[in-house]
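Please read it alongside the coordinates.

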Amino acid sequence: MRRATEADIPGIRAVLAETWRDTYGAFLPLDAIERATAEWHAPRVLAAELARTGTFTGVAVDESGVVGVVTARGRPEVVEIARLYVRPGAQRRGIGGRLLAAALQAFPGRTRARLEVEAQNPKGRAFYAKAGFVAVRERSVEVSGTSLRLIVMERGEVTAP
């Protein structure tokens, strides 16, 4: 695990493209996934995130390149996990847990962590529950014309469980 650099952007984009199709393909149309990832994961957008003060983007890398990415923002008292994705072929090896730990450690002194996970993402929900997050509320958001139900989850202790 290490902090991402601009040189990692192509690998980050590849991870996000693959994991978005895998994670959301069962309930979002492929064209909606492609539009969202083209806009939200454009190189200029990712470069701006890397440069933003108060934001941490970390990557997990193996011999094949970038296999996981996490982006978090430090807010007063709260670490917001904006994204955490691991390539399907690299899952269940502890990479997601290490990425989450790196993001939380990037913001010492915060007392809570918060994130949103799509209600129809059972792998994500199970991963976060195992990491000590609990559902606190729900909200809806529209992605390329499709309404998604997001579960807001929080954890009161940001150090590793």
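## Basis

This is a predicted model, in which local features need pLDDT of at least 70, side-chain atom pairs count only at pLDDT 80 or more, and totals for chains, interfaces and linings use all residues. Residues are numbered from 1 along each chain as its sequence is written, and side-chain values use heavy atoms, with hydrogens and water left out.

Helices (H or I, at least four residues) and strands (E, at least two) are DSSP runs numbered from the N terminus. Two strands count as paired if DSSP finds at least two bridges between them.

## Sheet

Seven strands form an open sheet with mixed pairing, in the order E1-E2-E3-E4-E5-E7-E6. Strand E1 (2–3) and strand E6 (134–143) are at the edges with a single partner strand each, so one side of each has no neighbour in the sheet.

E1 and E2 run antiparallel and are joined by two bridges; Arg2 has Val59 in E2 as its bridge partner. E2 and E3 are also antiparallel, with eight bridges, and form a hairpin with two residues between them. Here Ala60 is opposite Gly68 in E3. Strand E4 (residues 78–86) pairs with strand E5 (residues 112–118) in the parallel sense over four bridges, and Glu80 is opposite Arg114 in E5.

Helix H4 (residues 95–105) lies across E2, E3, E4, E5 and strand E7 (146–155), at about 155 degrees to E4.

Leu46, Ala47 and Glu49 of H3 are buried. They cover an arc of only 160 degrees around the axis, which puts them on the same side of H3; the arc is that of the directions from the helix axis to the C-beta atoms. Their cover includes helix H1 (9–24), E2, E3 and E4. The face of H3 turned away from the buried side carries Arg44 and Ala51, which are exposed (over 50% relative accessible area).

## Positive phi

Most residues other than glycine have a negative phi. Glu77, in the loop between E3 and E4, has a positive phi of about 70 degrees. Arg92, in the loop between E4 and H4, has a phi near 65 degrees and is exposed, with a relative accessible area of 85%.

Conventions:
Contact means heavy atoms within 4.5 Å. Axes are lines fitted to C-alpha atoms, for helices over the stretch in contact, and angles run from 0 to 180 degrees between N-to-C directions. Buried means under 20% relative accessible area, exposed over 50%, partly exposed in between (1.4 Å probe, protein chains only).
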